[in-house]
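Student: Pick one part of this structure and take me through it closely. I'd like a connected account, please.

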Amino acid sequence: MRRTTSQRNWGLGLCFLYLRNVKSFSWSHKRVYRIYRELELSLRIKPRHRLVREKPLPLAVPTKINQTWSMDFMHNQLADGRSIRLFNVIDDHNREGLGIEVDFSLPSERVIRSLDRIIEWRSKPLVIRCDNGPEYISAVTPA
């Protein structure tokens, strides 16, 4: 255990691995622990500091129609095991479902076409609320 004087940040685990793999001792971890404690080599495990997170602002409640829309993807599975995806757009003021696209695959062109169709019908909202999931990452730009 002379190595621990030069490696002060080694705990029991690293000492055991060093003795087992480098020095080729066939000692059990219990024996290494007993010697480790007799030499008073207890390395203090520092407690983790928790990150203090600020409380998010409450969601703004829309006061009129077409102020805020929410959109999200959902998925489900058919009885034969095939997975289907749903793209939903909802008006947050009156919880009206503005559009639902259902298919086995929803490429970004189809999502853009669906949003364009809803905007043509209802006009553009002030805000569209969505989670920042990976399904909204695309290289396609709307026309």
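Tutor: First, the element names: helices are DSSP runs of H or I with at least four residues, strands are DSSP runs of E with at least two, and both are numbered from the N terminus. The model is predicted; local features need pLDDT of at least 70, side-chain atom pairs count at pLDDT 80 or more, and totals for chains, interfaces and linings use all residues. Residue numbers start from 1 along each chain as its sequence is written, and side-chain values use heavy atoms, with hydrogens and water left out.

H4 spans residues 108–122. Val111 sits in this helix. Val111 counts as buried because its relative accessibility is 12%. The cut-offs are as follows: buried is under 20% relative accessible area, exposed is over 50%, and partly exposed is in between (1.4 Å probe, protein chains only). Leaving out residues up to four places away in sequence, Val111 touches Phe73, Phe87 and Leu106. Contact here means heavy atoms within 4.5 Å. Val111 can also be placed against Asn88: the two are 23 residues apart along the chain, and their C-alpha atoms are separated by 9.9 Å.

Ser114 belongs to helix H4 too. Its relative accessible area is 2%, so Ser114 is buried. Setting aside neighbours within four places in sequence, Ser114 contacts Phe87 and Glu101.

Leu106 lies between E3 and H4. At a relative accessible area of 12%, Leu106 is buried. With neighbours within four places in sequence left aside, its contacts are Phe73, Arg85, Leu86, Phe87, Glu101 and Val111. Leu106 and Phe87 are 19 residues apart in sequence, with C-alpha atoms 7.9 Å apart in space.

The strands come next. E1 covers residues 68–77. E2 runs over 83–91, and E3 over 96–103. Arg95 is in the loop between E2 and E3. Its phi is near 55°, a positive value in a residue other than glycine. Arg95 counts as exposed because its relative accessibility is 62%. Asn66 has a positive phi too, near 70°, and is likewise not a glycine. Asn66 is in the loop between H3 and E1. With a relative accessible area of 13%, Asn66 is buried.

H2 (residues 12–22) and H3 (residues 29–38) pack at about 120°, and their axes are 10 Å apart. Axes are lines fitted to C-alpha atoms, for helices over the stretch in contact, and angles run from 0 to 180 degrees between N-to-C directions. That angle makes H2 oblique to H3. Under 35 degrees counts as roughly parallel, over 145 as roughly antiparallel, 65 to 115 as roughly perpendicular, and the rest as oblique. On the H2 side, the contact is made by Leu12, Cys15, Phe16 and Leu19; on the H3 side, by His29, Val32, Tyr33 and Tyr36. By class, that contact has seven nonpolar residues, one polar and no charged. Nonpolar covers Ala, Val, Leu, Ile, Met, Phe, Trp, Tyr, Cys and Pro; charged covers Asp, Glu, Lys and Arg; the others, Gly among them, are polar.

Trp27 is in the loop that joins H2 and H3. It counts as partly exposed because its relative accessibility is 23%. Apart from neighbours within four places in sequence, Trp27 contacts Phe16, Leu19, Arg20, Val32 and Ile35. Trp27 and Phe16 are eleven residues apart in sequence and 8.4 Å apart from C-alpha to C-alpha.

Finally, the whole protein. There are four helices and four strands. From the N terminus, the order is α-α-α-β-β-β-α-β. Of its 143 residues, 26% count as buried. Among contacts with a separation of 6 or more, 45% come from residues 24 or more positions apart.
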